[in-house]
Amino acid sequence: LPGHGETIVDGPDDFYGMEKTAECLIEFMNEKKINKVDLMAYSMGGRLGLYLAINYSEYFNKIIFESTSPGLKTELERSERIKQDEKLAKKIQETDFEDFIEAWYRQPLFASLRRNDKKLDEMKKTRIENREGYALSLLHMGTGMQPSLWGELDKIKNPTLLIAGELDVKFKVIAKEMAVLIPTANLNIIPDAGHNVHFEMPEIYADTVRDFLIK
């Protein structure tokens, strides 16, 4: 996605936003003559995945969301979050990025990841190569910038699996709320896992996904 990995954005900054990113992904599928795929998305990618599932459902078969939120529910919450994200983006741009990554993974959200220093070190290494891209992604596709999708979840008709970690209290609650609002949703809470289920419990995660896709 824009701002991640080795993706280079040849266009204005709004290409980092949700609407343009979604359009580009659909254009990519059309160019490659890919008519339909299963969709699996995590965290920020999950927010984008929800937007795709609501607005481009005909491109997808089954859908899997891990640790995903439909956004903030009120304008006040979004306004406050935008201010926070702007401060965070400035910090990314102006401070030592490795120090920022260290501080990022000390958040309570990632507490369960810290049980395995080796895995956490691997993850950190993948994050330190795209400072400016992360800042732009945060500014244009942060949770505050995203429109709330809570009122549109009932538009998702595809078979849907919601995955959350038992130790990730915030996103576990969100997943349970989403499961009520998405008519076709199945909910799977993974024991002893936090926010990053696929990284913390890869075998259980793979089995869960496989079972859902083949049934």
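**Close-up 1. Helices α1 and α2 in the predicted model, a pair whose axes are roughly perpendicular to each other.** The axes of α1 and of helix α2, which spans residues 44-55, come within 10 Å and cross at roughly 65 degrees. Because angles of 65 to 115 degrees count as roughly perpendicular, the pair is placed in that class. The crossing in which α1 passes α2 is right-handed. Two packed helices are described by the angle between their axes and the distance between the axes.

**Close-up 2. Gly 46 within helix α2.** Gly 46, found in helix α2, has a relative accessibility of 0% and therefore counts as buried, since the cut-off for that class is under 20% relative accessible area.

**Close-up 3. Ile 34 in the loop between α1 and β1.** The loop that holds Ile 34 lies between α1, residues 18-31, and β1, residues 37-42. With a relative accessible area of 30%, Ile 34 is partly exposed, because this value falls between the limits of under 20% for buried and over 50% for exposed. Ile 34 is 25 residues from Tyr 59 in sequence, and the C-alpha to C-alpha distance between Ile 34 and Tyr 59 is 8.5 Å.

**Close-up 4. The largest cavity of the model and the residues that line it.** The structure holds one cavity of 30 Å³ or more, and the volume of the largest cavity is about 40 Å³. Its lining is made up of Phe 65, Ser 67, Thr 68, Leu 162, Ile 163, Ala 164, Phe 171, Ala 175 and Met 178. Two elements, strand β3 (160-165) and helix α7 (169-181), each supply at least two residues of this lining. Sorted by class, the lining of the largest cavity comprises seven nonpolar residues and two polar ones, with no charged residues.

**Close-up 5. The second largest pocket and its lining.** By class, the lining of the second largest pocket divides into seven nonpolar residues, two polar residues and one charged residue.

Technical notes. Residues numbered from 1 in each chain as written. Predicted model: local features only at pLDDT ≥ 70, side-chain atom pairs only at ≥ 80, totals over all residues. Heavy atoms only, no water. Helix = DSSP H or I, 4+ residues; strand = E, 2+ residues; numbered from the N terminus. Buried < 20%, exposed > 50% of the residue type's maximum accessible area, 1.4 Å probe, protein only. 1 Å grid on protein atoms, 1.4 Å probe; cavity = no way out; pocket = protein on both sides within 12 Å on 5 of 7 lines; lining within 4 Å. Points joined across faces, edges and corners; volume = space filled by probe spheres on them. Nonpolar A, V, L, I, M, F, W, Y, C, P; charged D, E, K, R; others polar. Axes fitted to C-alpha atoms, helices over the stretch in contact; angles between N-to-C directions. Parallel < 35°, antiparallel > 145°, perpendicular 65-115°, else oblique. Left-handed = near helix turned anticlockwise from the far one by under 90°.
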